[in-house]
Amino acid sequence: MRKAVATCAATGAAASFAVLSAPAQAAPPVPSEPLASPTSFVVLQAGKGTDKATAAVKAAGGTVVQEWPQIGVVIAQASDGAFDDKARKRPGVVAAGPTRAMSALAGAGNVVPDGEVTGLGPGTSGGDDTKEALNADQWDMRQIGADKAHRKTDGNRAITVGVLDSGIEADHSDLAANVDPSQSVSCNDRGVPNTNPKAWQPTTSDHGTHVAGTIAGARNGTGIVGVAPNVKLAAVKVVDDDGYIYPEYAICGFVWAADKGMEVTNNSYFIDPYFLWCKAEPEQRPVIEAVNRALKYSEKKDVVNVAAAGNSGWDLSKPITDTGSPNNTDDPQPRETDHRCYDIPAEAGNTVAVSSVGPTAVKSYFSNYGRGVVDVAAPGGDSRVPADTPSKNGRILSTVVGGGWGYKQGTSMASPHAAGVVALLRGTQTGLNAKQTISTLKRQANPLACPEFYDQDRDGVNDATCEGKKQGSGYYGAGLVDALKAVGG
């Protein structure tokens, strides 16, 4: 059960890192190798505060860029290839390592959003989804009972879902009423928060706008409607203009959401540059610890963090051959991974990991899975399976940049359905804390049995083994999320 191991890694990491902080008696000095240009490092000290970490950064020749004393984590910039080795040996430091495989910091993008923000609208109480112009093609909402839930409620206006993604188009007709500028931020400049609307709106990707529509597309008679159309959305931009989500971006996002008091976050991404981060690798271990600290802090602040399981078709409970990491270099090296390697944030112990199903409620061909890893399933689309809709499109219809609507598929689309259900649940059962909410979400999910034969590419060969038989837990965790049950139906 890799998720349980991930949790243990988070709680025991400080002790194991502390061993590394002591200088080896027989090891020769590490030569200083200058990098072509500065890169980013994460430095962790024992416990809260940043005094020891910042002192270590300066002593090792780096510059402090961002610090989170709440979790004892500092982001530093340095041009010395041995910076992390030097910082690790300083008093009080338990871990230090690069956040981007020694890749140089990328320059800012040149696409500038208009920054227009209309402000929050009055909200809606519920209604008939069929009155929305494009609802006939929203098979996904009917699959999880959202249409029936909306007869009772559109959600609680006091609930905010943080969309950790590529930004949200704040003046889109289906989103404008629900985007809260006061809680929105960009984290993609080395983890430094920037609340300027031009910073947190989309530049090169409509991914976050699509995700946002699934969570809380407004009820207004045009376009689509989301799972929880009366909750608020906060754009927490963690994707840079090259499409990367580096660790410092995600850490910034988790801490920001926690400190702003958000009830839910959606995380439709894996943290770059590794598809799987391995605890056994000294340069990757600090990032695992830093992200786990941020997630633990978030959970203590009563946030439910929902995350996509990934689109590689992997069984995350088994050893995996990773051929694409690190993905920010021209020549990623194939490597064999084991139970000490994690898809983060999905495999961190403080998240709800979501796999994807298509229109027939069978695992999407691309979806990662794994018994003991996946918590629940939700509709993420499947282009190989036609939907019983006018368009016959088996993917997910939602909002896109430019004021329009479009189809996408992926566990990135499944996760926001689950996040929307969590938002409904938190708005209905307001007395539940984060852990209790997750337990209730799983208890209310509808079990999906393993398919007798899974052949998505139609070549006559079983494509993936589903463990759990009638319960289908290997593919679907506790089962398909249920929006109607979340609101007491």
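A crossing of two helices is right-handed if the near helix is turned clockwise from the far one by less than a right angle, and left-handed if anticlockwise. Keep that in mind for the helix stops on this tour. The model on screen is predicted.

**Start with the whole chain**

Show the chain as a cartoon. It has 13 helices and 17 strands. Of its 489 residues, 58% count as buried. Now think about contacts between residues at least 6 apart in sequence. Among these, 77% join residues at least 24 apart.

**Stop 1: α10 and α11**

Select residues 411–428, helix α10, and residues 434–444, helix α11. Their axes come within 10 Å and cross at roughly 115°. The crossing of α10 with α11 is right-handed. Show side chains next. From α10, V421, V422, L425 and R426 make the contact. From α11, the partners are A434, T437, T440, L441 and Q444. By type, this contact has five nonpolar residues, three polar and one charged.

**Stop 2: α7 and α10**

On the α7 side, pick H207, H210, V211, T214 and I215. On the α10 side, pick S412, M413, P416, H417, A419 and G420. The contact of α7 with α10 holds five nonpolar residues, six polar and no charged.

**Stop 3: the annotated site**

H207 and S412, both part of the α7–α10 contact, come up again here. Which residues carry the "active site" feature in UniProt? The record, an unreviewed entry, places it at D165, H207 and S412. Select the three together. They span 248 residues in sequence, yet no two of their C-alpha atoms are more than 9.9 Å apart, so they gather at one spot.

Zoom in on D165. Its place is in strand β5, residues 160–165. Is D165 buried or exposed? It is buried, with a relative accessible area of 3%. Leaving aside residues up to four places away in sequence, D165 touches H207, G208, V211, V236, K237, V238, V239 and S268.

**Stop 4: F366**

Select F366 in the loop between β14 and β15. This residue is buried, with a relative accessible area of 7%. F366 and Q409 are 43 residues apart in sequence, and their C-alpha atoms are 9.2 Å apart in space. Which residues does F366 touch, not counting those up to four places away in sequence? The set is G310, N311, S312, G313, S356, G380, G381, Q409, G410 and T411.

**Stop 5: backbone details**

Stay in the loop between β14 and β15, and pick A361. A361 has a positive phi of about 60° although it is not a glycine.

Move to K469, in the loop between α11 and α12 (473–476). K469 also has a positive phi, about 50°, and is not a glycine. Is K469 buried or exposed? K469 is exposed, with a relative accessible area of 70%.

Now look for two cis peptide bonds. One runs from S325 to P326, with omega near -10°. P326 is in the loop between β11 (320–322) and β12 (335–337). Another runs from I344 to P345, with omega near 15°. Find P345 in the loop between β13 (341–342) and β14 (352–357).

**Stop 6: α8 and α9**

Finish with another helix pair. Select α8, residues 247–259, and α9, residues 285–300. They pack at an angle of about 15°, and their axes are 8 Å apart. Angles under 35 degrees count as roughly parallel, so α8 is roughly parallel to α9. Their crossing is left-handed. Show P247, I251, F254, V255, A258 and D259 on α8. On α9, show V287, A290, V291, A294, L295, Y297 and S298. How do the residues of this contact divide by type? Eleven are nonpolar, one is polar and one is charged.

Technical notes:
Residues numbered from 1 in each chain as written. Predicted model: local features only at pLDDT ≥ 70, side-chain atom pairs only at ≥ 80, totals over all residues. Heavy atoms only, no water. Axes fitted to C-alpha atoms, helices over the stretch in contact; angles between N-to-C directions. Helix = DSSP H or I, 4+ residues; strand = E, 2+ residues; numbered from the N terminus. Parallel < 35°, antiparallel > 145°, perpendicular 65-115°, else oblique. Contact = heavy atoms within 4.5 Å. Nonpolar A, V, L, I, M, F, W, Y, C, P; charged D, E, K, R; others polar. Buried < 20%, exposed > 50% of the residue type's maximum accessible area, 1.4 Å probe, protein only. UniProt positions renumbered as here; feature names shortened; annotations may be inferred.
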